[in-house]
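Subject: Handing over a structure

Dear colleague,

I am passing on the structure we talked about, and below it you will find an account of what came out of the analysis. Please read the text with the structure open beside it.

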Amino acid sequence: MLLPNYSMRGRKRSFKEYPPCDRCGSSKNVVGYGKRFTQSRAKQTYYCKKCEHKFTPNDGFKWVRFPPEVILAAVRLHQNGLSIKQTAEEIGKKYNMRVGESTVLDWSKKYADLAKDL
Ligand SMILES: [Zn+2]
(Lines give C-alpha, C1' and ligand atoms only; values in the text may rest on other atoms or scores of the structure.)
Protein backbone atom coordinates (compact mmCIF):
# COMPACT_ATOMS: atom_id res chain seq x y z
CA MET A 1 0.00 0.00 0.00
CA LEU A 2 1.28 3.42 -0.90
CA LEU A 3 1.09 6.03 1.77
CA PRO A 4 0.41 9.51 0.51
CA ASN A 5 3.25 11.90 0.96
CA TYR A 6 2.18 14.52 3.44
CA SER A 7 5.42 16.41 3.72
CA MET A 8 4.59 18.93 0.98
CA ARG A 9 1.10 19.44 2.28
CA GLY A 10 2.43 19.90 5.76
CA ARG A 11 4.73 22.63 4.60
CA LYS A 12 1.90 24.43 2.85
CA ARG A 13 -0.20 24.51 5.99
CA SER A 14 1.09 27.76 7.37
CA PHE A 15 -0.71 29.49 10.20
CA LYS A 16 -1.90 32.01 7.65
CA GLU A 17 -5.00 30.01 6.95
CA TYR A 18 -6.22 30.94 10.41
CA PRO A 19 -7.46 34.44 10.99
CA PRO A 20 -5.91 36.49 13.78
CA CYS A 21 -7.57 36.37 17.16
CA ASP A 22 -9.94 39.31 17.48
CA ARG A 23 -8.88 39.84 21.08
CA CYS A 24 -5.08 39.63 21.08
CA GLY A 25 -4.38 39.82 17.32
CA SER A 26 -2.18 36.73 17.28
CA SER A 27 -2.79 34.12 14.61
CA LYS A 28 -0.03 31.72 15.67
CA ASN A 29 -2.02 30.34 18.56
CA VAL A 30 -5.29 30.06 16.73
CA VAL A 31 -6.81 26.68 15.99
CA GLY A 32 -10.01 25.68 14.25
CA TYR A 33 -12.71 25.04 16.79
CA GLY A 34 -15.58 23.72 14.74
CA LYS A 35 -18.59 25.18 13.07
CA ARG A 36 -21.24 27.44 14.40
CA PHE A 37 -24.58 27.33 12.64
CA THR A 38 -26.38 30.50 11.88
CA GLN A 39 -29.75 30.82 10.17
CA SER A 40 -28.31 30.75 6.70
CA ARG A 41 -25.01 28.92 6.82
CA ALA A 42 -22.32 27.28 8.87
CA LYS A 43 -19.48 29.47 9.99
CA GLN A 44 -16.09 28.32 11.10
CA THR A 45 -15.30 29.15 14.68
CA TYR A 46 -11.72 29.53 15.92
CA TYR A 47 -10.11 29.26 19.28
CA CYS A 48 -7.09 31.22 20.46
CA LYS A 49 -4.91 29.20 22.80
CA LYS A 50 -3.03 32.27 23.93
CA CYS A 51 -5.94 34.13 25.50
CA GLU A 52 -8.46 31.27 25.53
CA HIS A 53 -10.86 33.21 23.38
CA LYS A 54 -13.36 31.77 20.92
CA PHE A 55 -14.28 33.84 17.90
CA THR A 56 -15.77 33.88 14.43
CA PRO A 57 -14.00 36.08 11.89
CA ASN A 58 -15.91 39.10 10.76
CA ASP A 59 -16.64 38.81 7.06
CA GLY A 60 -18.18 42.26 6.71
CA PHE A 61 -21.78 41.17 6.42
CA LYS A 62 -21.65 39.12 9.59
CA TRP A 63 -24.34 40.79 11.63
CA VAL A 64 -26.42 42.07 8.78
CA ARG A 65 -29.81 40.41 8.71
CA PHE A 66 -30.49 41.36 5.12
CA PRO A 67 -29.12 39.68 1.98
CA PRO A 68 -26.19 41.61 0.47
CA GLU A 69 -28.16 42.17 -2.76
CA VAL A 70 -30.82 44.09 -0.84
CA ILE A 71 -28.19 46.21 0.86
CA LEU A 72 -26.48 46.99 -2.43
CA ALA A 73 -29.79 47.82 -4.09
CA ALA A 74 -30.58 50.23 -1.27
CA VAL A 75 -27.19 51.91 -1.45
CA ARG A 76 -27.54 52.33 -5.21
CA LEU A 77 -31.03 53.79 -4.96
CA HIS A 78 -29.76 56.33 -2.49
CA GLN A 79 -26.77 57.13 -4.69
CA ASN A 80 -29.13 57.62 -7.60
CA GLY A 81 -30.80 60.45 -5.78
CA LEU A 82 -33.55 58.89 -3.70
CA SER A 83 -33.85 60.11 -0.13
CA ILE A 84 -33.27 57.71 2.73
CA LYS A 85 -37.02 57.57 3.31
CA GLN A 86 -37.76 56.89 -0.36
CA THR A 87 -35.07 54.22 -0.48
CA ALA A 88 -36.54 52.44 2.55
CA GLU A 89 -39.97 52.53 0.88
CA GLU A 90 -38.61 51.27 -2.46
CA ILE A 91 -36.81 48.36 -0.82
CA GLY A 92 -39.94 47.56 1.16
CA LYS A 93 -41.99 47.37 -2.03
CA LYS A 94 -39.43 45.61 -4.19
CA TYR A 95 -38.22 42.97 -1.74
CA ASN A 96 -41.26 42.85 0.49
CA MET A 97 -39.31 43.53 3.65
CA ARG A 98 -39.35 46.25 6.23
CA VAL A 99 -36.21 48.31 6.35
CA GLY A 100 -35.84 51.14 8.82
CA GLU A 101 -34.57 54.51 7.66
CA SER A 102 -31.71 54.37 10.16
CA THR A 103 -30.72 51.02 8.65
CA VAL A 104 -30.65 52.47 5.15
CA LEU A 105 -28.62 55.40 6.42
CA ASP A 106 -26.19 52.96 8.02
CA TRP A 107 -25.82 50.99 4.81
CA SER A 108 -25.28 54.07 2.69
CA LYS A 109 -22.43 55.10 4.96
CA LYS A 110 -20.83 51.68 5.32
CA TYR A 111 -21.24 50.26 1.87
CA ALA A 112 -21.08 53.30 -0.41
CA ASP A 113 -17.67 52.30 -1.77
CA LEU A 114 -18.69 48.69 -2.15
CA ALA A 115 -21.66 49.63 -4.33
CA LYS A 116 -19.51 51.85 -6.51
CA ASP A 117 -17.11 49.04 -7.32
CA LEU A 118 -19.77 46.67 -8.56
ZN1 LIG B 1 -6.08 35.65 21.43
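Helix 2 and helix 4 are roughly perpendicular to each other, because the angle at which they pack is about 85°, and their axes lie 9 Å apart. On the side of helix 2, which covers residues 68-79, the contact is made by Ile71, Ala74, Val75 and His78, while helix 4, which covers residues 101-110, contributes Val104, Trp107 and Ser108. Sorted by class, this contact of helix 2 with helix 4 has five nonpolar and two polar residues, and no charged ones. Please keep in mind that the model is a predicted one.

Among the contacts between residues at least 6 apart in sequence, 35% join residues that are at least 24 apart.

Helix 2 deserves a separate paragraph. Its twelve residues reach 16 Å from the first C-alpha to the last, which is close to the 16 Å expected at 1.5 Å a residue. The buried residues of helix 2 are Ile71, Ala74, Val75, Leu77 and His78, and they cover an arc of only 160° around the axis, which puts them on the same side of the helix. The face of helix 2 that is turned away from this buried side carries the exposed residues Pro68 and Glu69. After helix 2 comes Gly81, whose phi is positive, near 110°.

Helix 4 also packs against helix 3, at an angle of about 105° and with the two axes 9 Å apart, and that makes helix 3 roughly perpendicular to helix 4. Here Ile84, Lys85, Thr87 and Ala88 of helix 3 meet Glu101, Val104 and Leu105 of helix 4. By class, the contact of helix 3 with helix 4 has four nonpolar residues, one polar residue and two charged residues.

Another residue that lies in helix 4 is Thr103, which counts as partly exposed because it has 18 C-beta neighbours inside 10 Å. The C-alpha atoms of Thr103 and Ile71 are separated by 9.5 Å, although the two residues are 32 apart along the chain.

Finally, two residues call for a look at their backbone angles. Most residues other than glycine have a negative phi. Glu52, however, has a phi near 55°, a positive value in a residue other than glycine, and Asn96, which is not a glycine either, has a positive phi of about 60°. Where are they found? Glu52 is in the loop between strand 2 (42-48) and strand 3 (53-55), whereas Asn96 is in the loop between helix 3 (84-95) and helix 4. Are they buried or exposed? Glu52 counts as exposed because it has 9 C-beta neighbours inside 10 Å, and Asn96 counts as exposed because it has 7 inside that distance.

Terms used:
Residues are numbered from 1 along each chain as its sequence is written. This is a predicted model: local features need pLDDT of at least 70, side-chain atom pairs count only at pLDDT 80 or more; totals for chains, interfaces and linings use all residues. Axes are lines fitted to C-alpha atoms, for helices over the stretch in contact, and angles run from 0 to 180 degrees between N-to-C directions. Helices (H or I, at least four residues) and strands (E, at least two) are DSSP runs, numbered from the N terminus. Angles under 35 degrees count as roughly parallel, over 145 as roughly antiparallel, 65 to 115 as roughly perpendicular and the rest as oblique. Two residues are in contact if their C-beta atoms, placed from the backbone, lie within 7 Å. Ala, Val, Leu, Ile, Met, Phe, Trp, Tyr, Cys and Pro count as nonpolar, Asp, Glu, Lys and Arg as charged, and the others, Gly among them, as polar. The expected span of a helix is 1.5 Å times one less than its number of residues. A residue is buried if 20 or more other C-beta atoms lie within 10 Å of its own, exposed if 12 or fewer, and partly exposed in between; C-beta atoms are placed from the backbone. The arc is that of the directions from the helix axis to the C-beta atoms.
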